[in-house]
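I opened this model to look up a few residues one at a time and to note their surroundings.

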Amino acid sequence: FTEEFIRKFNIDVVIFSCHGVTKDGMLCDPSLYENQIRKTAISQAKKAVLLCDESKLLKTGPFNLVHISDIDYIVTDSSLVGDTFNIPKEKNLIV
């Protein structure tokens with residue numbers, strides 16, 4: 001029901017976080033239900049903004065969300081996020 005409800009909206013910006021970002025750049029989370037809601041919101045949004053502090057780097061979870069390269073903006077407390085995943089500042093990395 002939640003996913004169907006979200007699909008009724010035209011979302012300009014979705015701001016979200018996740019449990020971790022794997023070494024391959026996959027965003028992941030331990031909750032399948034929450035991941036499905038995030039995926040739906042991301043697919044409906046014109047822009048996706050990931051909030052990712054350094055503690056989430058190189059963490060895995062059982063369920064994949066999207067690849068970090070599919071995100072429009074990344075807001076972080078550390079330049080390690082850009083360095084770890086070779087994301088140039090031009091790619092809207094906000095440290």
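This is a predicted model: local features need pLDDT of at least 70, side-chain atom pairs count only at pLDDT 80 or more; totals for chains, interfaces and linings use all residues.

I take helices (H or I, at least four residues) and strands (E, at least two) as DSSP runs, numbered from the N terminus. Residues are numbered from 1 along each chain as its sequence is written, and side-chain values use heavy atoms, with hydrogens and water left out.

Entry on Asn-35. I located Asn-35 in helix 2, which spans residues 32-44. I noted Asn-35 as buried because its relative accessibility is 0% (buried is under 20% relative accessible area, exposed over 50%, partly exposed in between, with a 1.4 Å probe and protein chains only). Setting aside neighbours within four places in sequence, I found Asn-35 in contact (heavy atoms within 4.5 Å) with Asp-29, Phe-63, Asn-64 and Leu-65. For Asn-64, I recorded that its backbone oxygen lies 3.4 Å from a polar atom of the Asn-35 side chain.

Entry on Ser-55. I found Ser-55 in the loop between strand 4 (45-51) and strand 5 (63-67), and I listed Ser-55 as partly exposed because its relative accessible area is 46%. I also looked up its separation from Val-13, which is 42 residues in sequence and 24 Å in space, C-alpha to C-alpha.

Entry on Leu-51. I placed Leu-51 in strand 4, and I counted Leu-51 as partly exposed because its relative accessibility is 38%.

Notes:
A polar contact is a pair of N or O atoms within 3.5 Å; within protein, one must be able to donate a hydrogen and the other to accept it, and residues adjacent in sequence count only if both atoms are side-chain atoms.
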